[in-house]
Amino acid sequence: MNRYEKSKAKYEESKRYLAGGVASSLRTAMKPVPLFAQSGKGSKVVDVDGNSYIDYLLAYGPLILGHANPALTDALHEAMQKGITFGLQHEGEIEAAKRLTELLPCAEKAVLSGSGTEAVMLALRLARAYTGRRKVVRFHGHYHGWSDSIFTAFPSADMRASAAAAGGDSGVQPGTGGQSELSLQDVILLPWNDSDALLEALESHGDEIAAVISEPIMCNSGCIAPRPGYLELVRAETERRGIVFIMDEVITGFRLGLGGAHGRFGIQPDLVTIGKAMGSGIAVSGVAGSAKLMKLIEDGTVSHLGTLNGNGVATAAVLATIAELSKNEGAAYNVMEDTTQGLVTGLRALLKKHGKSGIINHAGGPVFHFMFTEEEAVEDFASFNKRDSAAYSRFAEEMLAEGVLVRPNGLWYVSAVHSAEDVEATLQAADAALGRLPG
Ligand code: PMP
């Protein structure tokens with residue numbers, strides 16, 4: 001019997017009713033089939049065929065406490081029993097916003113939304129309303145959700161080179177069919193980690209630019225660290241020109257520490273967007289930042305809307321997540337750092353053992369990117385694009401066969417409940433999987 005027989009059958013069944021068979025387009029990338037989950041507990045997930053996996057997909061990032069953490073599920077049950085949502089104010093909102101303002105260094109005020117995409121939409125609106133300007137600088141390889149005004153295609157380096165050779169634009173293309181090119185007319189797309197490119201754009205368009213938006217670490221394309229001084233430069237130059245600096249911490253918020261990446265790096269953006277780990281798997285996101293920007297919500301200049309914003313389940317999830325991660329002075333972060341180091345060091349040794357050319361980029365925190373590449377270092381989007389995606393996808397498939405669930409694009413998330421035994425079992429699996437790769 002095929003190991004994935006039931007997932008395969010369910011995928012076919014799903015496609016009859018659910019357009020595309022998956023609820024988020026990216027999920028079709030999993031080979032040999034988008035797996036159907038049965039249950040999850042701690043660091044493990046079990047599929048409908050009964051296969052158990054050590055999980056480093058972690059639902060694309062949110063599950064920082066692993067699956068079905070009892071402190072979280074108890075808090076959620078309690079919240080649900082009190083009434084799931086009211087459309088009225090409740091104390092959970094005050095508490096959640098208060099904790100965010102206490103923990104995130106840049107946060108004087110916070111608001112709650114439902115997804116990272118919505119948080120970014122709001123942050124951009126605040127920036128445009130505050131500055132009275134329209135243009136937004138964003139960077140190749142970063143992802144800020146799929147809303148019309150910021151979602152761009154991830155063109156490969158080759159595509160960009162040929163577009164440039166043909167006198168075409170610098171690659172601002174819609175990320176999806178049905179998205180008007182006009183919605184991106186105010187986007188300036190720049191290479192990241194490139195101080196000259198930034199300074200040049202700010203020099204030519206500075207007084208038209210409302211915001212610069214950046215992930216603090218380029219988690220969406222290779223977990224590339226900012227070059228020393230780069231984020232400081234972004235901060236100083238935006239401040240000097242009255243441009244709003246939005247740090248998109250949807251991945252790094254609560255993952256790189258209770259103060260996010262900006263707390264860890266000691267940089268004060270004007271606004272920060274958070275999501276994923278802040279709710280441990282419950283749909284919740286937020287924008288936090290300086291009082292002068294958040295005031296625009298208070299005085300009614302900028303609308304912040306959403307039927308389910310700040311619902312009792314979402315705020316209970318935020319509070320339980322923060323409580324768990326804050327225990328014993330944030331001991332969970334040390335555990336995650338050790339677990340991640342163990343994986344990264346072990347995987348690098350296995351690459352060597354098997355004579356495979358690969359790179360593991362780890363810029364700190366429980367998240368890293370594993371790729372097969374002939375490059376000596378992957379420090380920008382162009383070199384990231386030279387990786388062998390097909391080989392990695394094949395490796396991810398072999399890892400599934402060995403009982404380890406990893407994202408087919410190479411991004412690994414680690415939780416507070418992955419154990420030393422999980423690391424050991426994962427490295428054994430990787431040893432076997434690498435041994436089966438051709439070449
Ligand atoms: N910003 C970043 C940096 C992200 O990684 C993501 C999601 N991967 C988003 C925004 C969008 O978040 P969501 O999927 O919750 O809309």
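Predicted model: local features only at pLDDT ≥ 70, side-chain atom pairs only at ≥ 80, totals over all residues.

Entry: I call a residue near a molecule or strand if one of its heavy atoms lies within 4 Å of it. Residues are numbered from 1 along each chain as its sequence is written, and side-chain values use heavy atoms, with hydrogens and water left out.

Which residues surround the ligand? I listed Ser115, Gly116, Thr117, Tyr143, His144, Gly145, Glu215, Asn220, Asp248, Val250, Ile251 and Lys276. I sorted this shell by type, with Ala, Val, Leu, Ile, Met, Phe, Trp, Tyr, Cys and Pro as nonpolar, Asp, Glu, Lys and Arg as charged, and the others, Gly among them, as polar. The shell splits into 3 nonpolar, 6 polar and 3 charged residues.

Next I looked up polar contacts (pairs of N or O atoms within 3.5 Å; within protein, one must be able to donate a hydrogen and the other to accept it, and residues adjacent in sequence count only if both atoms are side-chain atoms). Thr117 places a polar side-chain atom 2.6 Å from a ligand oxygen. For Asp248, a polar side-chain atom is 2.7 Å from a ligand nitrogen. For Lys276, the distance to a ligand nitrogen is 2.9 Å. On its own the ligand has 390 Å² of accessible area, and the protein covers 83% of that. Areas come from the Shrake-Rupley method with a 1.4 Å probe; for residues, only the protein chains shown count as cover.

**Entry: salt bridges.** My criterion is a side-chain nitrogen of Lys or Arg within 4 Å of a carboxyl oxygen of Asp or Glu. The whole structure has 18 of them. I number helices (H or I, at least four residues) and strands (E, at least two) as DSSP runs from the N terminus. For burial I use under 20% relative accessible area as buried, over 50% as exposed, and partly exposed in between (1.4 Å probe, protein chains only).

Asp186 pairs with Arg134, closest N and O atoms 3.1 Å apart. The partners are 52 residues apart, Asp186 in the loop between helix 5 (157-165) and strand 6 (187-190), Arg134 in the loop between helix 4 (116-131) and strand 5 (135-139). Asp186 is buried at 12%, whereas Arg134 is exposed at 52%.

Glu398 pairs with Arg436 at 2.7 Å between the closest N and O atoms. This bridge links helix 12 (residues 389-401) to helix 13 (residues 420-436) across 38 residues. Is Glu398 buried or exposed? Glu398 counts as buried because its relative accessible area is 13%. Arg436 is partly exposed at 37%. I also found Glu203, Glu237, Arg240 and Arg241 joined into one network by bridges that share partners.

**Entry: backbone.** Most residues other than glycine have a negative phi, and most peptide bonds are trans. I therefore looked for exceptions to that rule. The Lys31 to Pro32 peptide bond is cis, with omega near 5 degrees. Pro32 sits in the loop between helix 1 (5-17) and strand 1 (37-41).

Leu58 has a positive phi of about 45 degrees. Leu58 lies in the loop between strand 3 (52-55) and helix 2 (70-82), and is buried at 0%. Asn328 also has a positive phi, near 45 degrees. Asn328 belongs to helix 10 (residues 312-353) and is exposed at 66%.
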